[in-house]
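User: I have a chain open and would like to go through it step by step. Can we start with the basic terms?

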Amino acid sequence: TFKRHLIMFFKEALHNCARHSNATQVWVKLAADAEQIVLFIRDNGCGFDPAEKRYGWGIDSMQKRARELGGEAQLESAPGKGTTVRLTVPMGALQNKTDHQYKTSN
């Protein structure tokens, strides 16, 4: 279940980028050490104001998945500045049981 949530988080982030950002480049980094797993996705797209009301499930679903994994999702964006998504999950979370399903836009 951990792997599924991690893959769905990644898929949602890329889907949002492809659908909304008009980016010409996307950088993806996945790193792991003894303490944590970090997934980092950044684009050079149009960006958006994270404080504005959103219509859709994507970002909310990503936040819920991050919490379910025992981790934290950070989103940084601004109009004209692209978007960065970072998921940090403690390595110990690999042993946690997660079984919730979330609505996604894809």
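Analyst: Helices (H or I, at least four residues) and strands (E, at least two) are DSSP runs, numbered from the N terminus. The chain has two helices and four strands. This is a predicted model, where local features need pLDDT of at least 70 and side-chain atom pairs count only at pLDDT 80 or more, while totals for chains, interfaces and linings use all residues. Residues are numbered from 1 along each chain as its sequence is written, and side-chain values use heavy atoms, with hydrogens and water left out.

User: In what order do the elements run from the N terminus on?

Analyst: The order is α-β-β-α-β-β.

User: What percentage of the chain is buried?

Analyst: Buried means under 20% relative accessible area, exposed over 50%, and partly exposed in between (1.4 Å probe, protein chains only). Of the 106 residues in the chain, 37% are buried.

User: OK, α1. What should its 20 residues span?

Analyst: The expected span of a helix is 1.5 Å times one less than its number of residues. For α1 that gives 28 Å, and its end C-alpha atoms are 28 Å apart, which agrees.

User: Which residues of α1 are buried?

Analyst: They are F2, H5, L6, M8, F9, E12, A13, N16, C17 and S21. What covers these buried residues includes β1, β2, α2, β3 and β4.

User: And in α2, which ones are buried?

Analyst: In α2 the buried residues are G58, I59, S61, M62, R65, A66 and E68. They pack against α1, β3 (72-77) and β4.

User: Which residues touch the most other members of the largest nonpolar core?

Analyst: A nonpolar core is a set of buried Ala, Val, Leu, Ile, Met, Phe, Trp, Tyr and Cys residues joined through side-chain atoms within 4.5 Å. The largest one has 15 residues, and F2, F9, L87 and V89 touch the most other members. Two or more residues each come from α1, β2 (36-43), α2 (58-68) and β4 (83-90). The most come from α1, which gives four residues.

User: What is F9 in contact with, leaving aside its neighbours within four places in sequence?

Analyst: Contact means heavy atoms within 4.5 Å. On that basis F9 is in contact with L39, M62, R65, A66, A73, V85 and L87.

User: Change of topic. Where is N22?

Analyst: N22 is in the loop between α1 (2-21) and β1 (26-32). Its phi is near 60°, a positive value in a residue other than glycine. Most residues other than glycine have a negative phi.

User: Is N22 buried or exposed?

Analyst: N22 counts as exposed, because its relative accessible area is 68%. Another positive phi, near 85°, belongs to G70, which follows α2.

User: How many disulfides are there?

Analyst: A disulfide is a pair of cysteine sulfur atoms within 2.5 Å. The count is zero. C17 is in no disulfide, and the nearest cysteine sulfur, that of C46, is 9.2 Å away.

User: Last one. What sits over the ring of W27?

Analyst: A charge sits over a ring if NZ of Lys or CZ of Arg is within 6 Å of the ring centre and within 35 degrees of the ring normal. Over the ring of W27 sits the charged end of R42, 4.2 Å from the ring's centre.
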